Amino acid sequence: MFLFFMLLFFLLTCLGAWLLLFPGGREVVMQTIDVAGRSIGRRMLHRRSLFVLAAAVLLTVPPLLALLLSGRIALSGYDSDTHAINDHIAGLLQGEQLSAPAPLPPVAFSTAEVTLLRPMLESANRNWQQLDPAFAQRLLVVFNIMKERHGYDMAILEGYRSPERQNTLAAAGPGVTNAKAFQSYHQFGLAADCGFLRDGRLVISEKDPWAMRGYQLYGQTAEALGLHWGGRWTMMDFGHTELRVAGVVKH
């Protein structure tokens with residue numbers, strides 16, 4: 001649609017320039033050719049045509065470039081398929097900036113239950129400071145809502161993930177991840193895997209009814225804040241959320 005209007009603007013500009021230079025229309029041009037001779041008239045017509053074209057380019061190219069450049073800046077924002085943010089919840093993002101919770105001791109990520117489901121989780125990065133600030137704040141609001149409205153304490157299992165670690169996880173097979181280095185928002189600090197705390201212990205099993213109910217509430221809350229939830233993927237990842245930014249991930 002954008003290109004259509006720009007093309008229409010270009011054609012109208014050419015038409016306006018032509019009428020300006022040739023107010024008498026084509027008949028005047030033909031009279032000029034008869035008087036001055038066919039060869040001279042053709043050269044004049046050719047020169048004037050080039051002038052019209054140059055004028056049209058000068059009139060249309062600068063605004064076209066300006067619009068294209070402004071469009072590229074807009075592409076650095078959120079994808080068009082990002083979920084709409086709930087108006088009430090959006091207000092929370094405009095309020096006081098939330099602080100990251102205190103980190104859990106490493107032993108919390110190496111229990112038998114956690115290791116069985118996420119065998120390489122102990123070495124994962126859980127530093128909130130390495131997450132994109134906009135994503136981190138949304139995720140903290142999700143944690144806050146999950147605690148205050150639904151009674152679920154949450155913990156981040158993995159945030160930023162290096163390209164080397166991403167390839168290592170991909171090499172473990174599709175049961176872990178299908179994404180290779182720079183095909184995941186984890187590499188840009190725009191994604192996190194999260195779980196629940198119950199009686200001081202991490203609970204991440206989808207077979208646990210309490211945890212599964214938590215994942216559903218977590219997904220609903222995350223989507224209300226404009227995040228994407230892995231629970232809707234073909235290979236479902238219930239603890240995963242990400243903030244999609246255009247032009248970041250290489251597919």
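Is His186 buried or exposed, by relative accessible area?

1. Basis of the note. This is a predicted model, in which local features need pLDDT of at least 70, side-chain atom pairs count only at pLDDT 80 or more, and totals for chains, interfaces and linings use all residues. Residues are numbered from 1 along each chain as its sequence is written, and side-chain values use heavy atoms, with hydrogens and water left out.

2. His186. This residue is buried, with a relative accessible area of 1%; the term buried denotes under 20% relative accessible area, exposed over 50%, and partly exposed the range in between, with a 1.4 Å probe and protein chains only. His186 sits in the loop between H7 and S2. A polar atom of its side chain lies 2.7 Å from the backbone oxygen of Gly159. Such a polar contact is a pair of N or O atoms within 3.5 Å; within protein, one must be able to donate a hydrogen and the other to accept it, and residues adjacent in sequence count only if both atoms are side-chain atoms. Leaving aside residues up to four places away in sequence, His186 touches Glu158, Gly159, Tyr160, Arg161, Gln166, Ala191, Ala192, Asp193 and His240, where contact means heavy atoms within 4.5 Å.

3. Overall architecture. The protein chain contains eight helices and five strands. Helices (H or I, at least four residues) and strands (E, at least two) are DSSP runs, numbered from the N terminus. Their order from the N terminus is α-α-α-α-α-α-β-α-β-β-α-β-β. Of the 251 residues in the protein chain, 38% are buried. Among contacts in the protein chain with a separation of 6 or more, 70% are between residues 24 or more positions apart.

4. Largest pocket. Its volume is about 1,100 Å³. On a 1 Å grid over the protein atoms alone, a cavity is a set of points where a 1.4 Å probe fits but cannot get out, whereas a pocket is an open set with protein on both sides within 12 Å along at least five of seven lines; lining residues have an atom within 4 Å of a point. Grid points are joined across faces, edges and corners, and a volume is the space filled by probe spheres set on the points. The lining of the largest pocket comprises 40 residues, and Val176, Thr177, Met235, Met236 and Asp237 lie nearest its centre. Strand S1 (153-158), helix H7 (163-171), strand S2 (191-198) and strand S5 (240-242) each contribute at least two lining residues. By class, this lining has 17 nonpolar, 11 polar and 12 charged residues. In that classification, Ala, Val, Leu, Ile, Met, Phe, Trp, Tyr, Cys and Pro count as nonpolar, Asp, Glu, Lys and Arg as charged, and the others, Gly among them, as polar.

5. Second largest pocket. This pocket holds about 440 Å³ of space. Its lining has 23 residues, with Pro101, Ala102, Pro103, Trp128 and Met154 nearest its centre. Helix H6 (133-150) and S1 are the elements that give two or more residues to this lining. The lining divides into 16 nonpolar, four polar and three charged residues.

6. Helix H6. With 18 residues, H6 reaches 25 Å from its first C-alpha to its last, close to the 26 Å expected at 1.5 Å a residue; the expected span is 1.5 Å times one less than the number of residues. Asp132 caps the N-terminal end of H6, with a side-chain oxygen 3.0 Å from the backbone nitrogen of Ala134. The buried residues of H6 include Phe135, Gln137, Arg138 and Phe143. Asn144, also found in H6, is partly exposed, with a relative accessible area of 28%. Gly151 follows H6 and has a positive phi near 80°.

7. Helix H8. H8 (residues 209-224) has 16 residues and reaches 23 Å between its first and last C-alpha, close to the expected 22 Å. At its start, a side-chain oxygen of Asp208 comes to within 2.9 Å of the backbone nitrogen of Trp210. Among the buried residues of H8 are Tyr215, Tyr218 and Glu223. Just after H8, Gly226 takes a positive phi of about 85°.

8. Phe182, in the loop between H7 and S2, has a phi near 65° and is partly exposed at 36% relative accessible area. Asp199 has a positive phi of about 55°; Asp199 is exposed, with a relative accessible area of 78%, and is found in the loop between S2 and strand S3 (201-203).
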